[in-house]
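Hi there,

Here is the structure I promised to pass on.

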Amino acid sequence: MLQGEAKNPLGATVSSKGIHFAVWSGAAERVWACLFDGERETQRLELKTDGEGIHALFVPGLKAGQRYGFRADGPYDPGKGQWFDPDKLLVDPYAVEIDRPYVYDPRLAARRGEGGDTAALVPKAIVRVLPDAGPKQPPLFEPGGLIYELPVRAFSIRHPDVPEPDRGTLRALKAPAVIEHLKKLGVSAVELMPVAAWIDERHLAPLGLTNAWGYNPVTFMALDPRLAPGGLADLREAADALHEAGIGIILDVVFNHTGESDALGPILSLRGLDARTYYRHDADGKLINDTGTGNTLACDRPVVQDLILDSLRHFVRHAGIDGFRFDLAPILGRDENGYHKDAPLLEAMRADPLLSDRVLIAEPWDIGRNGYQLGNFPPPFLEWNDRFRDDVRRFWRGDAGAVGALATRLAGSSDVFGGSAADTRTVNFIAAHDGMTLADLTAYAKKHNEANGENNRDGHDENFSWNDGVEGETDDPAVRARRKADMRALLATLLASRGAVMLTAGDEFGRSQHGNNNAYAQDNETTWLDWAGRDTELEDFVAALSALRRATPALGAVGFLTGGPVDGSIPDVEWLTETGAVLDDAAWRDPARHRLAMILRDADGGRLAVLLNGDRRASTFALPSRVGYRWISALADQPDSGAAVAGRSVAFMVDRRTGSEAG
């Protein structure tokens, strides 16, 4: 029986007679529930153990709204992964709400017997009764849809049409102007970057910086009060508003590490309860760092698996969430022998009655041994496809010999996800929160992370980016025109690809981070979306591409387009040169080739041509004709002049009936 469904449910459970407190620790000798009235600790009640790791106590007379925390005592030997210290107030791992954000303080990391009691420094959990979100509904997202990655604070803090008190919070997602924008873009589901409560990394405060992304959680169910001042109700109401508009909501969740960091990090929750069980350690008791953040959750341990599953169920049951994107997802399937695609936690998600139909998206890499696992997650997991990102960037940068890889990525990456009989599970993207923005790809050949305070050492060095002749901002109209054309080409390539596609908020109107490709610590105008200064022409172009994608069954459809250099041919696609010839092996491998035509056929006999011209020179593409049909532009803002394609651009043509046959 899962612990969250056991006789002693973990966390704080309210009844008409009082509150039942329960927490798991296999190594603690004593555990207390500490009750607070504001900041004053009013009671410290020792919990009783059942001998199997659960420490629990029923306290009569208490009601919802009670503030509390835990303390634990036992061995203290950090070198062996033992951190017990009753002076450290610990937040319940099952807390559903906390009373204030986490703020890093060096005293939280002081050794036992130093630094004093930390109760004044640690948020208190708040006991809540959480109503269900209503009858479970199928996820509002279908394979091939458009995912819109959205950082809640940065997205809305400067939005002029969001009520000022709601800016920077989940409540902004209910604003009519926000809903209208998402519908204009044809968004299938928003993917919210982490909303669970997080703490800043300890090196940021001395630099005058704060965490802007939230990938440093402490508790997994409690939302960060800065994003959700109304607690879980704010998320549920945002989900309701999006659902009413036909838009799904996916949460980006971080179950690979916590903000307790390395051996010098703070003691906030899991570390003080039972670090050796909750975190992976080597044989000598040293923390394993497969995440690059200082610690790694031990997802092969049943207690950790239950915590993760219960957290996912919590958001589905109480907020109606449609799915989850898992940060550094190989951690979920790791044990001491490495990653396993049939790991118990991954299998449990697929089998769970509440979770099995949810959208599940893996970021398929971590920094551990054999950490790159693209294509190696079990169905129905979708996977972020960085090979699509890099191969598309290489093509539009002008790299030699890139056309074959481009075709394979457009076709759904069957070289990664299997043969033509399988459904692709790719999530295609050009840019994400981590890395350069789409606009910066065309304006910066190198990263510019000086503002992060690490002498530009952080972030990826290779971005497959270019600057169109000038590094950074420029008033040169020719350079600006080339960059705008390149942005349109990148966006058109993304929206013309098979599989799910992801667009990061603001890329549709040309947002810039001034070349910063690791802006996690820039909670300022570097990451805040500039709604007043957005490029509305580019935004309209994205909306038109999205509408074409939704209206064209062959675009974005699940299943592989084949016929490229990897796959062989099937009836629904042709790959042609600009002269109309079928690409042979020599053409696929020609290092000077920068043009490609993809001709798609749907079940009703309709045809769509996607013409990609990566050369600086314009070209007229020869398209296969048939009696009674004529090729015309599929987009209103592209010239209806046969198949003439400007340099560095993508054109879409449809084969329409002519004359009397058109009726």
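There are 56 salt bridges in the structure, each being a side-chain nitrogen of Lys or Arg within 4 Å of a carboxyl oxygen of Asp or Glu. Please keep in mind that this is a predicted model, where local features need pLDDT of at least 70, side-chain atom pairs count only at pLDDT 80 or more, and totals for chains, interfaces and linings use all residues. Residues are numbered from 1 along each chain as its sequence is written, and side-chain values use heavy atoms, with hydrogens and water left out.

Asp540 and Lys184 form a salt bridge whose closest N and O atoms are 2.7 Å apart. This pair links distant parts of the chain, with Asp540 in helix 12 (residues 536-551) and Lys184 in helix 2 (residues 176-185), 356 residues apart. (Helices are DSSP runs of H or I with at least four residues, strands are runs of E with at least two, and both are numbered from the N terminus.) Asp540 is partly exposed at 40% relative accessible area, and Lys184 is partly exposed at 32%. Here buried means under 20% relative accessible area, exposed over 50%, and partly exposed in between, using a 1.4 Å probe and protein chains only.

Asp655 meets Arg607 in a salt bridge at 2.6 Å, N to O. Again distant parts of the chain are linked: Asp655 belongs to strand 27 (residues 649-657) and Arg607 to strand 23 (residues 607-613), 48 residues apart. Asp655 is buried, at 7%, and Arg607 is buried too, at 9%.

Within helix 7 (residues 386-397), Asp386 and Arg389 are three residues apart, so about one helical turn separates them. Their side chains form a salt bridge at 3.9 Å, N to O. Asp386 counts as buried at 10% relative accessibility, as does Arg389 at 19%.

The network of salt bridges joins Glu39, Arg67, Asp99, Arg100 and Lys124.

Now to the pocket (on a 1 Å grid over the protein atoms alone, an open set of points with protein on both sides within 12 Å along at least five of seven lines; lining residues have an atom within 4 Å of a point). The second largest pocket has a volume of about 720 Å³. Its lining has 28 residues, and Ala439, Arg480, Gly510, Arg511 and Ser512 are the closest to its centre. Helix 11 gives the most to this lining, with four residues.

Best wishes

Notes
1 Å grid on protein atoms, 1.4 Å probe; cavity = no way out; pocket = protein on both sides within 12 Å on 5 of 7 lines; lining within 4 Å. Points joined across faces, edges and corners; volume = space filled by probe spheres on them.
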